[in-house]
Amino acid sequence: MHDDTASLVTRLLAQRWLPRDDAQARKALLDEAFREDLDRRLDAVGLELREHPYAAYIGLAVARKSERAVFGGSDSWISNTLQLDRDGVALLVVIWALIVLPKRQRQVERQEAETAASQSQMFAEEKPIPRDPSISPVIAERTLLADFGEKLGGKTRVGFNLGTLNRLGFIVRRKGEVAEGPLLDLAFDYERTARRILDGALGDLLADAGARMASAGDTEDDLEENDDV
């Protein structure tokens with residue numbers, strides 16, 4: 001007999017992520033009995049399903065109860081199991097903050113606007129959570145280097161780490177820009193991490209960088225309009 005739960009776990013282990021609209025992924029998110037069986041079997045081996053209502057993909061993560069065994073098994077606590085150096089992890093945090101935090105704000109605002117608009121309709125259908133890729137900001141690599149390159153090891157290290165993050169599925173690099181990859185929204189627990197970043201020292205740096213990114217975007221738009229003229 002075909003075991004859907006085992007099949008889903010095997011696919012997630014092999015492919016590392018699946019889109020939410022995948023048939024088995026949807027079953028895990030919508031079928032309560034299936035999800036209970038999935039959670040129970042993952043828990044037995046120290047794993048958990050990583051998903052978020054606003055994320056377009058699902059994946060697997062080390063369960064909280066197993067973190068010490070996995071990350072604290074050596075002489076010192078390790079930050080990841082992907083062989084990312086400290087500057088690579090720092091770059092991932094910065095990119096997550098620059099892309100996922102504003103994306104989440106846009107998703108919430110759009111959902112609230114659609115909900116408010118539908119309240120006046122007698123037979124309004126519940127609107128799905130917006131996960132359109134266009135909601136995610138895109139970062140110019142030159143802007144990332146200008147704002148954080150010195151703190152993250154310089155141009156060579158940043159370029160190397162961007163290539164690694166691209167290969168691991170956290171980002172997508174194209175024509176000098178950094179876009180969201182399938183695993184970026186699942187890289188950190190949003191509820192635990194977002195407030196720490198916004199309230200911590202990185203919050204001020206991100207605010208300055210965000211302002212410069214917006215200014216750079218306006219300048220590029222002006223140049224394009226002048227070119228059209």
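**Reading aromatic pairs**

The structure holds 2 aromatic pairs.

User: What counts as an aromatic pair, and which rings form the edge-to-face one here?

Analyst: Rings of Phe, Tyr and Trp (its six-membered ring) pair if their centres lie within 6.5 Å; planes under 30 degrees apart are stacked, over 60 edge-to-face, and the rest tilted. Here Trp 96 and Phe 188 are edge-to-face, with 5.6 Å centre to centre and 80° between the planes. This is a predicted model, where local features need pLDDT of at least 70, side-chain atom pairs count only at pLDDT 80 or more, and totals for chains, interfaces and linings use all residues. Residues are numbered from 1 along each chain as its sequence is written, and side-chain values use heavy atoms, leaving out hydrogens and water.

User: Where does Tyr 190 come in?

Analyst: Tyr 190 makes a tilted pair with Trp 96, at 6.0 Å centre to centre and 55° between the planes. That pair links distant parts of the chain, 94 residues apart: Trp 96 is in helix 5 and Tyr 190 in helix 8. Helices (H or I, at least four residues) are DSSP runs, numbered from the N terminus.

User: Is Trp 96 buried or exposed?

Analyst: Buried means under 20% relative accessible area, exposed over 50%, and partly exposed in between (1.4 Å probe, protein chains only). Trp 96 counts as buried because its relative accessibility is 0%.

User: Which ring does Arg 104 lie over?

Analyst: A charge sits over a ring if NZ of Lys or CZ of Arg is within 6 Å of the ring centre and within 35 degrees of the ring normal. Arg 104 lies over the face of Tyr 190, 4.6 Å from the ring centre.

Methods
Helix = DSSP H or I, 4+ residues; strand = E, 2+ residues; numbered from the N terminus.
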